[in-house]
Amino acid sequence: MSLQLVALVAATLFTGAALYITLVEHPARMHLDNAALLAQWQPSYKRALPIQSGLAIVAGLAGLVAWYVSWDWRWLAGGAVMLANWPFTLLAIAPVNKRLMAMQGREAGAESRAMLIQWGRLHNVRSALGAASTVLFLLGFAAST
C-alpha cells in the first residue's frame, strides 16, 4: 500500500505542477512583451525540468511496481500514462525547448512568441497525461483499501 501511495502522491504533485503551468503561469507570461516573455520562460523551464521529470519517473515506476505486486490494471495503465510524458517530451517538446533555450533576449520576437504558443499547447498534453495517471492511481488506490 505504501508504494501505491507514493505513486498517487507523486502523480498528484506532477499534475498539480503541470496544471499550474498550464492554467496560471504560461497564460500570465503570454501577456508580456516578446523579450520579457522569453526571459521569464527560460529560467522557469530550467527550474521546472528536474522537478517535473523526477516526479514523472517516481510516479510512473511506482505505479508499475504497484501493478506488479497487485496485478490491478489501473496501476499499470497509470504508470504507463505517466511515463508517456518522457517520450512525448523528448520527441515533441524538446526540439521547441532547445530552440527557445538557445535564443538570446535580443532575438525575441514573433518567432519566439509563436514557439511559446506552441510550447503551451504541447505542455497541455503533459497536464492531461498527469491528470489521467492521477485518476487511474486514485481508482487503484480506492480499490485496494
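Reader: How many helices and how many strands does the secondary structure of the chain come to?

Author: In this predicted model, the secondary structure amounts to five helices and zero strands. Along the sequence, the pattern is α-α-α-α-α.

Reader: What are the dimensions of the box that the C-alpha atoms fill?

Author: Along the principal axes, the C-alpha atoms of the chain take up a box of roughly 55 × 25 × 20 Å. The chain has 145 residues, and 41% of them count as buried.

Reader: What share of the contacts between residues at least 6 apart in sequence joins residues at least 24 apart?

Author: That share is 77% in this chain. Contact here means heavy atoms within 4.5 Å.

Reader: Why is Ala80 called partly exposed?

Author: Its relative accessible area is 42%. Buried requires a value under 20% and exposed a value over 50%, with partly exposed in between. Ala80 is therefore partly exposed, at 42%. The residue belongs to helix α3, which covers residues 73-83.

Reader: Which distance in space separates Ala80 from Gly60?

Author: The C-alpha atoms of Ala80 and Gly60 are 6.4 Å apart, while the two residues are 20 residues apart in sequence.

Reader: Why does Trp71 count as exposed?

Author: The cut-off for exposed is over 50% relative accessible area. Trp71 has 56% relative accessibility, so Trp71 counts as exposed. Trp71 is found in the loop between α2 and α3.

Reader: What makes the phi of Trp71 worth a remark?

Author: Most residues other than glycine have a negative phi. Trp71 is a residue other than glycine, yet its phi is positive, near 60 degrees.

Reader: Which residues lie nearest the centre of the largest pocket?

Author: Tyr45, Leu49, Thr89, Asn97 and Arg126 do, out of 23 residues that line the largest pocket. The space in this pocket is about 340 Å³.

Reader: How many positive and how many negative side chains does the chain have, and how far apart are the centres of the two sets?

Author: There are 10 positive and 5 negative side chains, and the centres of these sets are 2 Å apart. Lys and Arg are the side chains counted as positive, Asp and Glu those counted as negative.

Terms used:
Residues numbered from 1 in each chain as written. Predicted model: local features only at pLDDT ≥ 70, side-chain atom pairs only at ≥ 80, totals over all residues. Heavy atoms only, no water. Helix = DSSP H or I, 4+ residues; strand = E, 2+ residues; numbered from the N terminus. Buried < 20%, exposed > 50% of the residue type's maximum accessible area, 1.4 Å probe, protein only. Charge placed at Lys NZ, Arg CZ, Asp CG, Glu CD. 1 Å grid on protein atoms, 1.4 Å probe; cavity = no way out; pocket = protein on both sides within 12 Å on 5 of 7 lines; lining within 4 Å. Points joined across faces, edges and corners; volume = space filled by probe spheres on them.
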